[in-house]
Amino acid sequence: MSERRIEFQVDASKVRLDKFLAEQVPELSRSAAQRLIAGGQVTVNGELAKPSHKVRQGEEIVVLLPAEESSELLPEAIPLDIVYEDQVLLVVNKPAGMVVHPAPGHPGGTLVNAVLAYCPELAASDDDRPGIVHRLDRDTSGLILVAKNDRARRALQRQFRERQVKKAYLALLDGHLQPAWGRVEAPVGRDPQHRQRMTVLAGGREAATEYHVLEQFAHQVGPAAGEYTLVEAEPVTGRTHQIRVHFASIGHPVVGDEVYGRRKTGLPVPRQFLHARRLGFKHPLTGQRLELETPLPVDLAVVMELLRKK
């Protein structure tokens, strides 16, 4: 496969070139964009430029993307925190920082690689995401379902389509959210200006998130200065970045979310404060209802301890 040529006519200004490319080309991370620029694969008005170049309105940018290489899924002996297991499924407590399946910029070290090592029989699947029923964002921790065979996977995917699976997330939000119980309904789609982001968008896919407030905090001094709300959020639909986009759209973004919220916070939050803590579904063979739960991981529990100090 030959390399791809992409051309842009800049309609924005004062954005770094590497950031601009990462926003405009979905498969590029910012570091990947920097490597392309350093390798001479990017020109601005026909000239090479630095990653720090501030693009200006009217400039023409050309990017040469290397040909995609086919990659074989390989098992990797990565430890899994298994919350539940039987002959047809796993429920794993995914750590923050782990990507669910290989993608451009993340060829290995994923949940799929770890599951292939733990369940070698999945290697026989001709699917490029063997066992995966649903996804969590890389920096979201918590419960995720993995099917050990195609029959179980189809049954679980059907439950997701029919909205029989119940998921509950803990999220810490900026500000004091009112009312204490609520539902955010707003269509979500790809941001036309920033292709790696989602946004509330007319014409997007219907999306709904229900929530209830668990605790609220107000600190006037110290690293925790500010107002915060801890909520349990239940996505009725399953759109990409749905919870993060919905709360940002009503003025209460997830704390630590550098894409949809504030880039800096006084709290020691190493990533977005979002944890998939509860998962309920019918067993694909027996029909028995399973309700599973996992506590906050240490990095987020530390933040809660700080907020609860008087």
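**A walk through the model**

I start with His 241, which at 18% relative accessibility counts as buried. Here, buried means under 20% relative accessible area, exposed means over 50%, and partly exposed lies in between, computed with a 1.4 Å probe and protein chains only. His 241 is found in the loop between β15 (226-235) and α5 (242-249). Its phi is near 60°, a positive value in a residue other than glycine.

Two remarks on the basis of these values are in order. This is a predicted model, in which local features need pLDDT of at least 70 and side-chain atom pairs count only at pLDDT 80 or more, while totals for chains, interfaces and linings use all residues. Residues are numbered from 1 along each chain as its sequence is written, and side-chain values use heavy atoms, with hydrogens and water left out.

As for the labels, helices (H or I, at least four residues) and strands (E, at least two) are DSSP runs, numbered from the N terminus.

Asn 45 also has a positive phi in a residue other than glycine, near 55°. Asn 45 lies in the loop between β3 (42-44) and β4 (47-48). With a relative accessible area of 47%, Asn 45 is partly exposed. A further point on the backbone concerns the peptide bond from Gln 178 to Pro 179, which is cis, with omega near 0°. Pro 179 is placed in the loop between β10 (166-174) and β11 (181-185).

Let us turn to a pair of helices. Helix α1 (residues 17-24) and helix α2 (residues 30-38) pack at an angle of about 120°, and their axes are 8 Å apart. The axes are lines fitted to C-alpha atoms, for helices over the stretch in contact, and the angles run from 0 to 180 degrees between N-to-C directions. The two helices, α1 and α2, are therefore oblique to each other. By the convention used, angles under 35 degrees count as roughly parallel, over 145 as roughly antiparallel, 65 to 115 as roughly perpendicular and the rest as oblique.

Which residues of α1 and α2 meet? From α1 come Leu 17, Asp 18, Lys 19, Leu 21 and Ala 22, and from α2 come Arg 30, Ala 33, Gln 34 and Ile 37. By class, this contact of α1 with α2 has five nonpolar, one polar and three charged residues. In that scheme Ala, Val, Leu, Ile, Met, Phe, Trp, Tyr, Cys and Pro count as nonpolar, Asp, Glu, Lys and Arg as charged, and the others, Gly among them, as polar. Contact itself means heavy atoms within 4.5 Å.

Next comes the interior. A nonpolar core is a set of buried Ala, Val, Leu, Ile, Met, Phe, Trp, Tyr and Cys residues joined through side-chain atoms within 4.5 Å. The largest such core has 40 residues, of which Leu 111, Leu 172, Val 231, Phe 247, Leu 267, Phe 273 and Leu 307 touch the most other members. A second, separate core of 19 residues includes Val 15, Phe 20, Leu 21 and Ala 33.

How many of the eight residues of helix α3 (residues 111-118) are buried? Six are, so α3 is largely enclosed by the rest of the structure. They are Leu 111, Val 112, Asn 113, Ala 114, Val 115 and Leu 116, and the buried residues of α3 pack against β8 (89-94) and β9 (141-147). Ala 114 is buried, with a relative accessible area of 2%. Not counting residues up to four places away in sequence, Ala 114 touches Glu 76, Ile 78 and Leu 80.

Ala 117, also found in helix α3, is partly exposed, with a relative accessible area of 33%. Leaving aside neighbours within four places in sequence, Ala 117 is in contact with Pro 75, Glu 76 and Ala 77. The C-alpha atoms of Ala 117 and Pro 75 are separated by 4.4 Å, although these residues are 42 residues apart along the chain.

I finish with Val 303, found in helix α6 (residues 298-308). Val 303 counts as buried, at 0% relative accessibility. Apart from residues up to four places away in sequence, Val 303 touches Leu 172, Leu 267, Pro 268, Val 269 and Phe 273. Val 303 and Phe 273 are 30 residues apart in sequence and 9.2 Å apart in space, C-alpha to C-alpha.

Thank you for your attention.
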